[in-house]
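Please read the points below alongside the model.

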Amino acid sequence: MYSIHCIYQYALKLSPMVLICFILIFNCCTQHEKNSGPPPFVISQEQVSSFVRNFNPLIPSGSSRWPTISGIYEPLFIYNSMTGIYVPWLATGYEWKDGNLQLDVTLRENVIWSDGEPFTANDVSFTFNLKKTNAALDPRASWGYLKSVEAINNHLVRFKFLRIFVPGLHALTEQAIIPKHIWENIEDPVKFTNPDPVATGPFTEILRFDHQIWELGRNPHYWQEGKPAVERLRFYAYPTNEQATIALINGEVDWAGNFIPAIDRVFVGRDPDNHHYWFPRVGGSIFLYVNTTKPFLDNIEVRKAISLAINRELIVRVAMYDYTIPAHPTALADGLAPWRSETATENGDWVAYDINRANEMLDEAGFKKGPNGIRLLPDGNELFFDISIVSGWSDWIRAAQVISQNLKMVGINTRVKTRDFGAWLSSMQNGEFDMGIAWTEKGPTPYRLYRGLMSSEFLKPVGETAEVNWHRFASDEVDSLCIAFEKTSDRDEIKQIIYRMQEIFVDNAPAIPLFAEPSWGQYNTKRFTNFPTAKNPYAQISPNYPPENLLVLVNVEPK
Amino acid sequence: MSTSIQYLLRRLGFYAIAAWAALTLNFFIPRMMPGDPASIIFARFRGKLNPEAMVALRETFGLTDEPLMGQYFTYLKNLLSGDLGISIAYFPQPVTEIISTALLWTIFLAGTSLIISFSLGTLLGTLVAWKRGGRLDSFLPPALAFFGAFPYFWLAMVALFAFGFGLGWFPLRHAYGDAVTPGFNLPFIIDAIYHAFLPALTMVMVSLGGWMLSMRNTMITTLGADYITFARAKGLPSKMVMLKYAARNAILPNFTGFGMALGFVLSGALLTEIIFSYPGQGYLLLEAVRAQDFPLMQGLFMTITLAVLGANWLVDIAILFLDPRTRR
């Protein structure tokens, strides 16, 4: 017995030594990083605990590895949200014909698949016709308006339309094109994981694939002379935003698109010469959605008064670390600024901060304050609303807290209610919420934004799932404007339609814009240069908006 | 001995019924959550996908409007043939493939730390009880109870920050480094142990106290029994009395606890795995629940259920040998 005690005491004294020995041994054994060749370009875009080898560019759920549709495979055109133009990629041009019922796309001539086969119009028509036979692969419902897609010659593809649908151009040009000679032999393209992709993109060779790390090498036959300048891409599995942030701070990651709190101190401060970020406001706006089917909130003047009570400056500072700016009255952020209508901007004076006016408007609307300073419904009940936010989305939770305090000032009682993503989404989509913060639809024109906000196309009764238009607002005029928009390719006509949509938006306040949605992008210039910046905005920096990030992938250079 | 076999078979029957009940709940409870997987995947794109995509998404995942009972019987039938379906979040990967790699890492990390903490805790409990009132007894129980009071994920975060981020002694993430190739080779095994060290350490530190205290308490009760006095009176060596007379009896409740813990190994390391980016089951489970990935959830819950039941059955067998009274 005594001996056991002795051994134990001995072990107790020894244990720190043993620990140090352990560390030394481990470090000796593991610090032989393969240092052959130039450094890999390390990108953090997906947050996963382990990678699954899937390079199928057609699956709509986004379960294939980044950059399958924006680096391995390529589209015909890339919409550049910084310049607002379609950059010719696998195609060189397009032309509407036959009263916008036919679209002719001319293809680039010197493109070769990564296995050496030439890229032709047959590949394009095959891609689209595969989507026709497999509805699961057609997330943009292209075959709702397409009649046929055929190769006229090796470099000309003809799209024929069932009905005029000009916005369909966007979906058609951004489709990743697959090689016919590989995919025609695949039995079930929906369940095909495409482990060794044959593609046209700048990076096609899978150099290594483990669950925690994988590497993507250059396409030996890439059509752009001398590009890409980067030898290989490397991806690590970081399961959470925190882990990705730590790696970014430590300089292990060269390019990322994460939300980082207090970025100037946390990230830039670690290495001001090399650590940079750029958050251009290309997307839409973040909205406070109010359920227009509920009494009180169904009143236009009330919605405008709620908007006037919200201190957006404070939200941007407190919740968003000053990464963005308060929303424009038309809800169009910088990227869509050329579309803004002057009339709508003037009429949208309710997207401002004016407590007095908000109080006046609510008084006028007939909702008097009760004994507790809270306004009363006609039936005598005090106003009380929940603001639903996804639990853990701390930026929006703080924004909701500011809104809740603001609304108290005008006599509206609210409570910030956090819920799990699935439960939150279901309550929003079913119209079973009072207020909630969420995003809008994105696209190259404001058409999708306003269609999602005001068209009856996606309107569903409360209790049924609506994919967009959660606040349940519809306008007949917007419906007809949408139809008119779908039929025209005339720039001026399009502009007039979008202007009118904006006017309807600011007149009816179907939802309340809060702040412009930034697109997150961080980069490290220690090993690589030529990232897009505010001074050289050749594309947006964020890797989160494929296929636009292809522009960055081919332009980044080793130092 | 035939009675023992009867006893084991009876237990096996009980476990079969328990397994069926658990698998049924696995099927129905996830489906009672609000929302559906296609909507959640659609919303993940935050406006980058058109509403029109919903049709395609439902088509892809084969989500049907078949009545729930019909789906339930298909599910049972598929389970019996070992088909757990195709994951939604990791489409089109079969659930069995996703689980199998994650399972190995979790068993390695959580299993090893459980065995270490159980054996060390039980041994320490034995020692402490044998020399109760001694220096060790006055120091260890409160110290370990103190560590045991920490939430394990908090300790994991502190350890990661201090020894990983601050001092740089240990890796910040993953189960092995970039330089080694997975397989049965020495550098890989050493690297895997190195990566598992910190997460395992935090898990051992938190759970050690529990094993030690419960062992110490039963041991003290056992030491007061007549047969111990008798054994001492016979003049047996004190090591023998401690281990073969006292500890063998006192270990029984701990052993049952070990069986339970062994089963929960598969789910227990959830937050530790997330903090250390460990590619185990924990993060997978979180992801499956978030994405309402029914097939993956069912698969994960099934492995956990089977592990709990299997471990308990093994403990039943072990106790049969350790405790002659159950054999009667």
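1. Basis of the note. The model is predicted, so local features need pLDDT of at least 70 and side-chain atom pairs count only at pLDDT 80 or more, while totals for chains, interfaces and linings use all residues. Residues are numbered from 1 along each chain as its sequence is written, and chains are lettered from A and ligands numbered from 1 in the order in which they are written.

2. Make-up of chain A. Chain A holds 17 helices and 20 strands; these are DSSP runs, helices being H or I of at least four residues and strands E of at least two, numbered from the N terminus.

3. Burial in chain A. Of its 559 residues, 48% are buried, meaning that 20 or more other C-beta atoms, placed from the backbone, lie within 10 Å of the residue's own.

4. Interface. In chain A, 53 residues are in contact with 56 residues of chain B, where contact requires C-beta atoms, placed from the backbone, within 7 Å. Elements of chain A giving two or more residues to this side are α1 (2-30), α6 (241-249) and α13 (421-429).

5. Helix pair in chain B. Helix α5 (residues 95-130) of chain B packs against helix α8 (residues 186-223) of chain B at an angle of about 35°, with the axes 6 Å apart. Axes are lines fitted to C-alpha atoms over the stretch in contact, and angles run from 0 to 180 degrees between N-to-C directions.

6. Overall extent. The C-alpha atoms of chain A fill a box of roughly 90 × 75 × 45 Å along the principal axes.

Notes
Contact = placed C-beta atoms within 7 Å. Buried ≥ 20, exposed ≤ 12 C-beta atoms within 10 Å, placed from the backbone.
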